[in-house]
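Biologist: I'd like to walk through this protein with you, one question at a time. Could you start with a term I'll need?

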Amino acid sequence: MSDADSKAMIDRAAAMIAAAERVVVFTGAGVSTESGIPDFRSPGGLWSRFDPEDFTLERFLSSPETRKKQWTFLFEGGIFAQARPNSAHRAIAWLEEQGKLVCVITQNIDNLHQQAGNSPDRVYELHGNMKWMKCLECFERYPLPEMLTRFRESGDVPECGRCGGLLKPDVVFFGESLPPQTLKEANDAAGNCDLLIVIGSSLVVYPAAYIPMYAKGAGAKLLIVNKTETAYDTSADLVIRGGAGEVMTGIVASLRRMGGLCA
Ligand code: APR
């Protein structure tokens, strides 16, 4: 795509945002790869290094080796702890500052939208958050970094300090249902927005991937920013094939040239 073409698409996307009243952003792992966190399905992604089957609730409960594998993943995934928001996260936080953003619906568990400045009560985390471990017996919660230190020092999977129960990351495993209230609020927001912006998701995992369908069903426009094809490209009003950071920064620059959004 020529520079002129990509600039024209960026300006078109900015005009869609300027014209919208209720913008919802829907993100996947692709919005965090520029923060150093691999996504799942790109070459070299997490599912090429770990077996998704090991991340079912059934396996977690039934096998100590799987639990140890998951702690290793978490420890590897300790990259979450060092990760910082990138320019795409900052652009999304800017949209909220401009009073344009109803909410961010994210499949990510890395807490980077909140760190970038989006209000926590406007970030719907469909798959939970890596900040906490939860005891499956007494539901006591523990900060993940503290638990990872214990795992690193002892090599053993930490148990609940209160009741000795199994600790599980406060994230949704395959076979687990999504947090019902969060999912309801996310679906309602998608069904009431007039522009849904999808950033960095292959849109293949349900029920999260119903979000763009609810938005389109309610008459919203759909803008997709993704490096590769997604399952919803054909129903999008505009698809920008590119890096989340570069594209979202370009869109913010275009909106500023238009005089920002508060104007
Ligand atoms: N800019 C734009 N797009 C990107 C970037 C980037 N910097 N990096 C990766 N992408 C795109 C990839 O091309 C891919 O299409 O982001 C998409 C990420 O897709 P997945 O790896 O499938 O991640 P996601 O859609 O979030 O997966 C959904 O699947 O395994 C479960 O629970 C897991 O929440 C996850 C869910």
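This is a predicted model: local features need pLDDT of at least 70, side-chain atom pairs count only at pLDDT 80 or more; totals for chains, interfaces and linings use all residues.

Biologist: Okay, which residue lies over the face of Trp-132?

Modeller: The cut-off for the distance to the ring centre is 6 Å. Here that distance is 4.6 Å, and the residue over the face of Trp-132 is Arg-141.

Biologist: And over which ring does the charged end of Lys-168 sit?

Modeller: The distance to look at is again the one to the ring centre, with 6 Å as the limit. For Lys-168 it comes to 4.3 Å, and the ring belongs to Phe-173.

Biologist: Which residue pairs its ring with Phe-173, edge-to-face?

Modeller: A pair of aromatic rings is described by the distance of the centres and the angle of the planes. A search of the whole structure finds 8 aromatic pairs. In this one the centres are 5.5 Å apart and the planes stand at 65°, and the partner of Phe-173 is Phe-60.

Biologist: How many residues apart are Phe-60 and Phe-173?

Modeller: Phe-60 belongs to helix 2, residues 57-62. Phe-173 is in the loop between strand 6 and helix 8, so to speak a distant part of the chain, and the separation is 113 residues.

Biologist: Are those two buried or exposed?

Modeller: Buried means under 20% relative accessible area. Both Phe-60 and Phe-173 count as buried.

Biologist: Which residues do ring pairs link into a cluster?

Modeller: Phe-60 and Phe-173 are two of its members. Along with them come Phe-40, Trp-47, Phe-50, Phe-55 and Phe-174.

Biologist: How is the pair of Tyr-210 and Tyr-214 classed?

Modeller: Planes under 30 degrees apart count as stacked. The ring centres of Tyr-210 and Tyr-214 are 6.0 Å apart and the planes are at 25°, so this pair is stacked.

Biologist: What class of accessibility do Tyr-210 and Tyr-214 fall into?

Modeller: The middle class runs between the 20% and 50% cut-offs. Tyr-210 has 34% and Tyr-214 has 32%. That makes Tyr-210 partly exposed, and Tyr-214 is also partly exposed.

Biologist: Now the backbone. Which peptide bond is cis, with omega near 5°?

Modeller: Look in the loop between strand 7 (195-199) and helix 9 (211-217), where Pro-207 is found. The cis bond is the one from Tyr-206 to Pro-207.

Biologist: What is the phi of Leu-203, and what is its relative accessible area?

Modeller: Leu-203 is in the loop between strand 7 and helix 9. Its phi is positive although the residue is not a glycine, with a value near 55°. Leu-203 is buried, because its relative accessible area is 1%.

Biologist: And what is the phi of Asn-111?

Modeller: Asn-111 has its place in the loop between strand 2 (101-106) and helix 6 (112-116). At 15% relative accessible area, Asn-111 is buried. Its phi is positive too, at about 65°.

Biologist: Last topic: which element gives the largest share of the lining of the second largest pocket?

Modeller: That pocket holds about 340 Å³ of space. Of the 19 lining residues, those closest to its centre include Gly-128 and Lys-134. The largest share, 5 residues, comes from strand 4.

Biologist: Why does the second largest pocket lie between domain 1 and domain 2?

Modeller: Domain 1 covers 1-37 + 85-127 + 179-263, and domain 2 covers 38-82 + 129-171. The pocket lies between them because its lining has residues from both domain 1 and domain 2.

Methods: Residues are numbered from 1 along each chain as its sequence is written. Side-chain values use heavy atoms; hydrogens and water are left out. On a 1 Å grid over the protein atoms alone, a cavity is a set of points where a 1.4 Å probe fits but cannot get out, and a pocket is an open set with protein on both sides within 12 Å along at least five of seven lines; lining residues have an atom within 4 Å of a point. Grid points are joined across faces, edges and corners, and a volume is the space filled by probe spheres set on the points. Helices (H or I, at least four residues) and strands (E, at least two) are DSSP runs, numbered from the N terminus. Domain bounds come from an automatic or database domain assignment. Rings of Phe, Tyr and Trp (its six-membered ring) pair if their centres lie within 6.5 Å; planes under 30 degrees apart count as stacked, over 60 as edge-to-face and the rest as tilted. Buried means under 20% relative accessible area, exposed over 50%, partly exposed in between (1.4 Å probe, protein chains only). A charge sits over a ring if NZ of Lys or CZ of Arg is within 6 Å of the ring centre and within 35 degrees of the ring normal.
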